[in-house]
There are 2 protein chains.
Amino acid sequence: MDMLKPLGPSRELIARRAAHAQPEAHARSAAAAVHAEDGRVEVQWRDGRTSPFHHTWLRHNCQCPKCLDSSSGQKLVSILDFPPRPVPRSVSLENGQVVVRWKDGHVSPFPQDFLRRYAYDQQSRHERRAMRRAAVPWTPEVLISESVALEIDYADLMNKDEAVWQWLQQLLKFGYCLIRGVPQQEGEVARVAQRMGQLRDTIYGLTWDVKSIENAANIAYSSLPIPPHMDLMYDAVLGCRFTYALRYYEVPPGYQFLHCLINQAEGGANIFLDTMQVAKVLKERDEKAFRLLATTPATFHYQRSGHHLVQRRPIIELDQETGDASAFRYAPTFEGPLDIEGEKVEEYYAAYRELVRIINQEPDLHLWRRPEEGDLVSFDNRRILHARTAFSNGNRHLQGAYVDWDAFLDRYRVLQSQFAPMAAIPQ
Amino acid sequence: MDMLKPLGPSRELIARRAAHAQPEAHARSAAAAVHAEDGRVEVQWRDGRTSPFHHTWLRHNCQCPKCLDSSSGQKLVSILDFPPRPVPRSVSLENGQVVVRWKDGHVSPFPQDFLRRYAYDQQSRHERRAMRRAAVPWTPEVLISESVALEIDYADLMNKDEAVWQWLQQLLKFGYCLIRGVPQQEGEVARVAQRMGQLRDTIYGLTWDVKSIENAANIAYSSLPIPPHMDLMYDAVLGCRFTYALRYYEVPPGYQFLHCLINQAEGGANIFLDTMQVAKVLKERDEKAFRLLATTPATFHYQRSGHHLVQRRPIIELDQETGDASAFRYAPTFEGPLDIEGEKVEEYYAAYRELVRIINQEPDLHLWRRPEEGDLVSFDNRRILHARTAFSNGNRHLQGAYVDWDAFLDRYRVLQSQFAPMAAIPQ
């Protein structure tokens, strides 16, 4: 199947597409001049940027076939293979390559693209970091105005890499994207998710089923609404034993996929909330509370069926450079006993209360959506909270799957090299 | 198969074993008195410890069946279900339970064991954290003096939970343990690893094979020694395409298992090194370098076969409370271009050089071991570096598998509740 084949177009093809797609970008980021400074080489680019590269950096990242294995891409040179502070004899621009000739006779040719891509001047570094901050906090109002971009057609997604690229960009931006017209067949959720990457195998399999069952052992769950949370909480009978264990993994699954195969029940709408927006509101209202929840670990645990999983992590994960929220961990029903210094306990609870109030009691933040047959919702499980309203027992069948964040970014970078080759590599 | 059954003995059985195993520990940690303080309840234990519990904490962690679902273990009470700073009407010790009667009529009974286990007074918190710091840094000399404890018999491991418990304790302490007498059959590595927990499925399967192949495409790897590293680096032909991808996952696999099925080749010894010891040496020699490597992100990347994985993380991971090393990330051949502020570059390289020198050039740290048929080496992949010396092509077949750290700790806690029920829960 197409989706299972390795993505890779050939290097040549990528280069041709790149040249075709963005000839100006290429020209702008070409090297105009190189000169040696004290302890480093400075490259001046046509767009005016200047990037210094320290001698040690250049020698350690030498791209010659002795230092970098051309077939595996592995680095063959060790830091112990050359002296501290290696000294170049000359630096020159030759046939589009920056060539460093070292005093010990070694020659290091660097393709310009390599240097531009990995330049660590302040501006270049900022551009790379900015990719991960492409998140646009949303309320339903914002989403509705972006609705076209947030829906992707199944046939496009399965057949065109451009559609996958569009999809991943939307997910990076909003953490949410709806796919329409998915055939109502079991296993389709896996085919769609694999357009993003390898499925995450969990204790209950690569895909899982959410069905309403009459006479559920735990009636409370089958009729009561389920409050906003991350991760699965559909049906206590089928899901409970294994489902919740996920929350306690060191790295919760990055993306969740929910395919609606059958929905003949009444009610059972999904509610989605963007924690980037929640964080924004909390930070504006009570910055001290925001900071406390970002620096004090909450406890999540799961203890039954022969398992005992525990994780202590702050609810709000911060971007180290901006200080804004970059991810959340939120699953109130699986919170374990708070385990922090006694003197912080009441202060923490006050901050936590404020957060829960924003999540549960501000309907303006809630995007309501009753799953329609053939819909497949994809969302960032570390950013988007999901909830479910009550539903009356009728035939209802959703099928779900997960893909890790790593796999998402992997695919993102590969497609970017195809469709936007000069863009900074997201990290 | 036995190993695939859920572990769980019944609660009653656990309680009986616990009482049998450590009656004195139980008695010592029984509550002697409770009294209400301003804003909190203080429990005095028979061993002299005093643990305060804030009212909000108690109410939020209420163990009554309305607040905690007895079948799923889920927390049903939300922080919004009770007022800030709830006030008790009375607190008492009744039939071994601490009972809090609240002004609003709610009654919260707490089993003593629950309170003792989750007490957050300074001493109790310290005990819990100390579990993760059980690591004993080792040189081969240290290991040899502990040799009996570091070898476990296959039959014991497969048949007795006590042997598994022994094994996990050794792994927590030394990160390394050898299992002897494993049948030379494919799939045995999975059976052994599953005594610890669920296998980590990777892009190249639940288990993988390391075989020497004549006329390997990349001769360099088949005859040259492989320097110390984390993760797999056995055979370039079979392993290269997928193997290295692992290094770049957000969370590298926690434990690695290597079962020697056939070894008729010459050479091909394994070398193991403890990074806890490496960190200790580095910190003693050059604390500034240690600190730099623990706070500055290195870049690891893998870019081929349609994949582009990138991770930026410090080589040394610090325990936030002690400031000592708690884990490493080290794979020199897959380092990507260093991506840090220019002014730190040379300083970083000097520190990194010092680290590599300790790892590569201090043979006193190297534990040499030629895999023997029927041996199965298990080791912590975030703590222990492994290397391989050259070997001449002969029949050699190892089979490997991974289990995540989460799964390890899960099993550890469950077995601890059986064999050392009053011990602090490792976090």
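**Helix packing, loops and a sheet**

Modeller: In chain A, helix α8 (residues 161-174) and helix α15 (residues 405-419) have axes that come within 10 Å and cross at roughly 125°. This is a predicted model, in which local features need pLDDT of at least 70, side-chain atom pairs count only at pLDDT 80 or more, and totals for chains, interfaces and linings use all residues. Residues are numbered from 1 along each chain as its sequence is written, chains are lettered from A and ligands numbered from 1 in the order in which they are written, and side-chain values use heavy atoms, with hydrogens and water left out.

Colleague: What counts as a helix, and what is an axis here?

Modeller: Helices (H or I, at least four residues) and strands (E, at least two) are DSSP runs numbered from the N terminus. Axes are lines fitted to C-alpha atoms, for helices over the stretch in contact, with angles from 0 to 180 degrees between N-to-C directions.

Colleague: Which residues of α8(A) and α15(A) meet?

Modeller: On the α8(A) side they include Trp165(A), Leu168(A) and Leu172(A), and on the α15(A) side Phe408(A), Tyr412(A) and Leu415(A) are among them. Contact means heavy atoms within 4.5 Å. The residues of this contact between α8(A) and α15(A) divide into 10 nonpolar, 3 polar and 3 charged. Ala, Val, Leu, Ile, Met, Phe, Trp, Tyr, Cys and Pro count as nonpolar, Asp, Glu, Lys and Arg as charged, and the others, Gly among them, as polar.

Colleague: Changing topic, where is Asn95(A)?

Modeller: Asn95(A) sits in the loop between β4 (88-94) and β5 (97-102) of chain A. Its phi is near 50°, a positive value in a residue other than glycine.

Colleague: Is Asn95(A) buried or exposed?

Modeller: Asn95(A) counts as exposed, at 80% relative accessibility. Buried means under 20% relative accessible area, exposed over 50%, and partly exposed in between (1.4 Å probe, protein chains only).

Colleague: And what about Arg85(B)?

Modeller: Arg85(B) is not a glycine, yet has a positive phi of about 50°. Its loop lies between α3 (55-60) and β4 (88-94) of chain B, and Arg85(B) is exposed, with a relative accessible area of 56%.

Colleague: Back to chain A: how are β4, β5 and β6 arranged?

Modeller: The 3 strands form an open sheet in the order β4-β5-β6, with antiparallel pairing. Two strands pair if DSSP finds at least two bridges between them. β4 and β6 (107-111) of chain A are at the edges with a single partner strand each, so one side of each has no neighbour in the sheet.

Colleague: How many bridges join β5(A) to β6(A)?

Modeller: There are 5. In β6(A), Pro111(A) is the bridge partner of Gln97(A).
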